[in-house]
Amino acid sequence: INYTKDFPAPIDNKYMKVVNAGYWLANTNGKLSQLVYILEMTNKRVFSQDVVYTKSIFSNPEDESKPIIYNGTLNNVHHTVKVTHATVQNVTFNKKYHLIFEIYSDQEQTELISRIDQIIVAPVDNTTGCVQISSEVRNDLFSVFAGTNIPIACDR
């Protein structure tokens, strides 16, 4: 897609490969078109143990000093992992955000096996309470709205 040509490339390391990272528009919490974080990866190799422990650390657009953190587990049976966080507020056009995924061999998370720091650039903005999409996205995906500044949703 044309508007993503200057976005950071998907991160790929010895254990994991990012398949999808960024924002979804979701009707959630009784509101229309809320911004939701998504990070989806595939396993590239089998772990040396049956279960590994994970930590997802997402930039918090509302308060950079308080990242959004999720802990979990992975096993060798499932070869994809998807972490979703709903909803995020104060997302700013063209700002860079980090979606970090760490894998540990121990439950205490002291022995790091792998780490992915996927940077995403926001093609959306909801700082006004309305979800706006960039003109590049609008022109690529919604040609009927090309050249306009129409919000996707405004549910204040």
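Me: How many bridges join strand β8 to β9, and do the strands run parallel or antiparallel?

Reply: As a general idea, strands of a sheet pair through backbone hydrogen bonds, either parallel or antiparallel. In this predicted model, β8 (residues 124-125) and β9 run antiparallel and are joined by two bridges.

Me: What do β8 and β9 form, and how many residues lie between them?

Reply: The two strands form a hairpin, with four residues between them. Within the turn, glycine 129 has a positive phi of about 95°.

Me: Are the faces of strand β9 covered or open?

Reply: Both faces of β9 (residues 130-133) are covered. Cys130 and Gln132 are buried on one side, and Val131 and Ile133 are buried on the other. Across the protein, 38% of the 156 residues are buried.

Me: In what order do the four strands of the open sheet lie?

Reply: The order is β4-β3-β6-β7, with antiparallel pairing. The edge strands, β4 (68-75) and β7 (112-121), each pair on one side only. On average, neighbouring strands of this sheet are turned by 20° against each other, direction ignored.

Me: Over how many bridges do β3 and β4 pair?

Reply: Strand β3 (residues 51-58) pairs with β4 over eight bridges, in the antiparallel sense. Valine 51 has asparagine 75 in β4 as its bridge partner.

Me: How many helices and strands does the protein contain?

Reply: The protein has one helix and ten strands. Read from the N terminus, the elements run β-β-β-β-β-β-β-β-β-α-β. Of the contacts with a separation of 6 or more, 61% are between residues 24 or more positions apart.

Methods:
Residues are numbered from 1 along each chain as its sequence is written. This is a predicted model: local features need pLDDT of at least 70, side-chain atom pairs count only at pLDDT 80 or more; totals for chains, interfaces and linings use all residues. Side-chain values use heavy atoms; hydrogens and water are left out. Two strands pair if DSSP finds at least two bridges between them. Axes are lines fitted to C-alpha atoms, for helices over the stretch in contact, and angles run from 0 to 180 degrees between N-to-C directions. Buried means under 20% relative accessible area, exposed over 50%, partly exposed in between (1.4 Å probe, protein chains only). Contact means heavy atoms within 4.5 Å.
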